[in-house]
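Below are my notes on the helix packing and the aromatic side chains. Please read them with the model open.

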Amino acid sequence: MREEYDFSQSVQNPYAKTAKKQISLNVEVDTIEYFKQLALKTGLPYQTLMNSYLTDCAIRHVEPQVKWSS
């Protein structure tokens, strides 16, 4: 292994994933179970499915319909 490498001619990987930030989020147990069941059907990790769904909502500018009952 070399002591020093020259990266002056390197280029950024166009296939690198976009930046993600780890957060702490309170999610209802039923919601997590729903995505875990969906993960079994699709073969994708449930956290990946949740992220994909939230990303899709953000791209389409989906706004929740919040109705408070009295």
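This is a predicted model: local features need pLDDT of at least 70, side-chain atom pairs count only at pLDDT 80 or more; totals for chains, interfaces and linings use all residues.

1. Numbering starts from 1 along each chain as its sequence is written, and side-chain values use heavy atoms, without hydrogens and water.

2. Helix α1 (residues 29–42) packs on helix α2 (residues 46–59) at about 105 degrees, with the axes 8 Å apart. The two are therefore roughly perpendicular (65 to 115 degrees).

3. On the α1 side the contact (heavy atoms within 4.5 Å) uses I32, F35, K36, L38, A39 and T42, and on the α2 side Y46, L49, M50 and Y53. By class, these residues are eight nonpolar, one polar and one charged.

4. The whole structure holds three aromatic pairs (ring centres of Phe, Tyr or Trp, its six-membered ring, within 6.5 Å; planes under 30 degrees apart are stacked, over 60 edge-to-face, the rest tilted). Y34 and F35 have ring centres 5.3 Å apart and planes at 85 degrees, so they are edge-to-face.

5. F35 is buried, at 11% relative accessible area (buried is under 20%, exposed over 50%, partly exposed in between, with a 1.4 Å probe and protein chains only). F35 and Y53 form a tilted pair, with centres 6.4 Å apart and planes at 55 degrees. This pair ties α1 to α2 across 18 residues of sequence. Y53 is partly exposed, at 48%.

6. Ring pairs join Y34, F35 and Y53 into a cluster.

Conventions
Axes are lines fitted to C-alpha atoms, for helices over the stretch in contact, and angles run from 0 to 180 degrees between N-to-C directions. Helices (H or I, at least four residues) and strands (E, at least two) are DSSP runs, numbered from the N terminus. Angles under 35 degrees count as roughly parallel, over 145 as roughly antiparallel, 65 to 115 as roughly perpendicular and the rest as oblique. Ala, Val, Leu, Ile, Met, Phe, Trp, Tyr, Cys and Pro count as nonpolar, Asp, Glu, Lys and Arg as charged, and the others, Gly among them, as polar.
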